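This report describes how the parts of one protein chain are arranged and joined. Please keep the sequence and the structure in view while reading.

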Amino acid sequence: MTAVIAPIAPSPETLSRTRERFAALLGADAVLNADTGLGVFHDPFEGPQAQGHQPSLAIQPATVEQVQEALRLARELGIHVWTSSMGRNFGYGGSAPVVDGGVVLNLRRMNRILDIDERNGFAAIEPGVTFADLYAALRKDDIPLMMSVPDLGWGSMTANALEHGIGYNVLGDHASALCGLEVVLPDGSLLHTGQGGIPDSPLWHCHRRGFGPAVDDLFKQSNLGIVTKAGVQLMPRPEVIMTGTIRCEGKEDVGPLLDMVRRLLQAGVLQGVPMLVSSPPSATGDGGGAFTAENLRKVLRPGRWNLRFGLYGHEALVASRRAILEAEVAKIPGAVLEARTYAGDSGPDEVEPRDLIAAGIPNQVLLERLTGVFGKNFGHMDFSPVLPFDAAYAHRTESLLGETMARFGLIGAFGLLCFPRSMVSASLIMFDASDQARVDAARVAVRHLCDEVAGWGCAPYRAHVALVDHVQDKFAYNDGAMARFYTRLKDALDPAGMLAPGNHGIWASGQRPDGG
Ligand SMILES: Cc1cc2nc3c(=O)[nH]c(=O)nc-3n(C[C@H](O)[C@H](O)[C@H](O)COP(=O)(O)OP(=O)(O)OC[C@H]3O[C@@H](n4cnc5c(N)ncnc54)[C@H](O)[C@@H]3O)c2cc1C
């Protein structure tokens, strides 16, 4: 029976041996320590006296074969490896491992765009390809395909999708846009999922399933393998993009507004992932220094409620959708619709900064704005529960967030991402990352928020590494049957618990430090 690797940081001797062996395997410049660039693989918002979740080394393999060999070596050495692609999972811990002292296996060097298939509408990419990289490649050759982007364009397209990341246009549910993965399993062996199981399949990135259970989702929010190649589906570049906002000024207006959004999403009139932002005029709160309610209002959109939406496609289709939307908005007293229309091939210079995301153009506007207002020590932690599509939950979550921020001396922005049958709250809890007390308060506050929404039968879709067990424990049906099932999978594929132990609360048997 394979011994489980203890969930503790490696000793200095083990670390020194690990560094030498990885340098021999990958080359000295592919092994980073504190003096040679490890800093960017910490949680950027961990605070100056951070405890726990510290990476001990980072390694940067450049090929699939090197990833395979690195995992075999990690098993031999008995050390933990934590997967990171670009390593910019900011708000959720960056590249910081759950278990202290993990070796970050970072895939920035694997940054090739392997294929862009215009006819079938997909790209095959390595995990080091960012949203900005793929966009540049599409623009360079004027390929008429459009991508969905999250708020920041510097992340890995693969990792963001594996994390169930969310963008805002038609393919905004990024995990669903993945089709066909290449995965290195913890024993170093290689798997092609779906149609990729057939040697030289022409359909790997075109058709989701193969024969038997589809396993792609086992590698999302997971520690059962490292994805080294992914198919990402793209949409045909639309003739026209129309984007804009619907504003309402009354607190209770969110009821009819959300009701309309739900109906129009289910009916296919609204497209993508509309985002609702709340801006309560009476918001108070003080997170110290620049983290004031007044500054918070500077980064929020105008209106008590402000919904961003996008419409895409042939001109006549967009016009029809717009007409239906306008008629529906007219039924909501006081609601104001503002929209701007762009040609589908508009570039970054032709689209207003506020519309870049809806137009599928990667950018860093939001982060620049936040650091511009709050300063270079801007830090945040995200609270992202999945909620029933009902205005009552918008009110409840907004109140809960406000009370919690006041109690813990923090400030937070409240938004909702709208899917046809559910909402995801995008609550950005902001603090001065150079102030350890505020960093610690943010973690306690988010923990408290998770406990509160658990009372409603809800939980976050994604969580900071410091809180993953806490969130996994909310999935408690049948005495934690889900977590036990994950452990059985982990034991089968990685009995030593070498790969990313504890990621999303998934552990090998007997490995969870608190015993589960
Ligand atoms: C201001 C701001 C706005 C943001 N807005 C959004 C937004 O709109 N939408 C959104 O989704 N996120 C958002 N984020 C969060 C985050 O920045 C993005 O999700 C980002 O894309 C994640 O970083 P990354 O792509 O570098 O992933 P990484 O940090 O590289 O990876 C994230 C995680 O994915 C897993 N993983 C990574 N690579 C692999 C692999 N090859 N195989 C298996 N598992 C892997 C690991 O568990 C890893 O911890 C925002 C953050 C900030 C600061």
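## A salt bridge between domains

In this predicted model, Asp43 and Arg443 form a salt bridge, with 3.5 Å between the closest N and O atoms. Across the interface of domain 1 and domain 3, the rule finds one salt bridge. Polar contacts across this interface number eight residue pairs, both residues of each being at pLDDT 80 or more. Sorted by class, the side of domain 1 that touches domain 3 comprises 10 nonpolar, nine polar and two charged residues.

## Domain layout

The domain assignment divides the protein chain into domain 1 (1-109 + 475-516), domain 2 (113-236) and domain 3 (240-468). A distance of 33 Å separates the C-alpha centres of domain 1 and domain 3. To their contact, domain 1 contributes 21 residues and domain 3 contributes 21 residues.

## Buried area

The size of an interface is often expressed as the accessible area lost when the parts come together. Between domain 1 and domain 3, about 1600 Å² is buried, and carbon and sulfur atoms give 57% of that area. Which residues of domain 1 lose the most area to domain 3? They are Phe45, Gly91 and Tyr92, which together account for 44% of what the domain 1 side buries.

Rolling a probe the size of a water molecule over the atoms shows where empty space is left. By the rule applied here, the model has four cavities of 30 Å³ or more. The largest cavity holds about 150 Å³ of space. It is lined by 15 residues, of which Tyr135, Arg139, Leu145, Arg237 and Gly344 are the closest to its centre.

Methods
Residues are numbered from 1 along each chain as its sequence is written. This is a predicted model: local features need pLDDT of at least 70, side-chain atom pairs count only at pLDDT 80 or more; totals for chains, interfaces and linings use all residues. Side-chain values use heavy atoms; hydrogens and water are left out. Domain bounds come from an automatic or database domain assignment. Contact means heavy atoms within 4.5 Å. Buried area is the accessible area (1.4 Å probe) that two parts lose on being put together, summed over both. A salt bridge is a side-chain nitrogen of Lys or Arg within 4 Å of a carboxyl oxygen of Asp or Glu. A polar contact is a pair of N or O atoms within 3.5 Å; within protein, one must be able to donate a hydrogen and the other to accept it, and residues adjacent in sequence count only if both atoms are side-chain atoms. Ala, Val, Leu, Ile, Met, Phe, Trp, Tyr, Cys and Pro count as nonpolar, Asp, Glu, Lys and Arg as charged, and the others, Gly among them, as polar. On a 1 Å grid over the protein atoms alone, a cavity is a set of points where a 1.4 Å probe fits but cannot get out, and a pocket is an open set with protein on both sides within 12 Å along at least five of seven lines; lining residues have an atom within 4 Å of a point. Grid points are joined across faces, edges and corners, and a volume is the space filled by probe spheres set on the points.
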